[in-house]
Amino acid sequence: MVYHKIKQPKLSDAIVDALETMILEGTLRPGEKVLSERDLAKQFEVSRPSIREAIQVLEAKGLLSRRQGGGTYVQEQLWKSLSDPVLELIAKDPESQYDLLEFRHATEGMLAFYAAIRGTATDFESLRQSQNAIEVAQKKECIEQEADAIVELYKVIAEASHNVAMLHLVLSMSELLRQNIEQNLTLLYRSDHGVKMSNKHRSALIEAIISRDSEKARNASNAHLAFIEDVLLSVRQEDSRVQRALRRIQNNDPA
């Protein structure tokens, strides 16, 4: 019988695996600063050279990046398939905004469904915090801050779904989502009771998730997005009517 030497895994490889898992599960988000080498060494109870070697491996993989004098961060763009030029084209095309709403119908409804089933008490507390952050932004009448807070809410719902593939899809599209939400808010504020109704729909979504009613959560998500789409169509139709009226006035102007 031949005995083979048991190969012990390198300590740095184990650290790489642990950090990769944290990135995959969303514990470490894109753009988030990683603990210092000293603090990581304390957390993992290992030497700083092992931490340094692990970070170098993750840098080579494109998962982490160092900033001069500013520490180590998770890469902002972990997904390279959605490039900045493509995001910019989608963001600028009015018709693409409706395509994005259709996409959100499918993804956010599913995320809400699984968040209601799999969410933890910690996830639900984060939902409440995100809801409060949206209310604070609305009181400040700051659309940019409100859009950021709503994006954060959807990230929390994605985390609560405990589906890593969907979580990273949401994270990879967060900037496009933020731009879409900011544009939608601008139009919602032009509609009578638009924001009030949107808040009502969003609250129903959150309550359904926390009460673990998965079907109700999915339906609430779809109802919320359907309402937004109806408002956008109504406002843009009104804009079109105004433009036609202005053209008629200009054409009849004897000057």
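The legends below describe close-up views of a predicted model. Local features need pLDDT of at least 70 and side-chain atom pairs count only at pLDDT 80 or more, while totals for chains, interfaces and linings use all residues. Residues are numbered from 1 along each chain as its sequence is written, and side-chain values use heavy atoms, with hydrogens and water left out.

**View 1. Packing of helix H1 on helix H3.** Helix H1 (residues 11-25) and helix H3 (residues 48-60) pack at an angle of about 55 degrees, with axes 8 Å apart; helices are DSSP runs of H or I with at least four residues, numbered from the N terminus, and axes are lines fitted to C-alpha atoms over the stretch in contact, with angles from 0 to 180 degrees between N-to-C directions. Leu11, Ser12, Ile15, Val16, Leu19 and Glu20 in H1 meet Ser50, Ile51, Glu53, Ala54, Val57 and Leu58 in H3, where contact means heavy atoms within 4.5 Å.

**View 2. Salt bridge between Lys10 and Glu53.** The side chains of Lys10 and Glu53 meet at 2.5 Å, N to O, a salt bridge being a side-chain nitrogen of Lys or Arg within 4 Å of a carboxyl oxygen of Asp or Glu. Lys10 lies in the segment before H1 and Glu53 in helix H3, 43 residues apart, so that the pair links distant parts of the chain.

**View 3. Salt bridge between Arg178 and Glu182.** The closest N and O atoms of Arg178 and Glu182 are 2.5 Å apart, and these residues, 4 apart in helix H9 (residues 174-188), are separated by about one helical turn. Arg178 is buried at 19% relative accessible area (buried means under 20%, exposed over 50%, partly exposed in between, with a 1.4 Å probe and protein chains only).

Conventions
Helix = DSSP H or I, 4+ residues; strand = E, 2+ residues; numbered from the N terminus.
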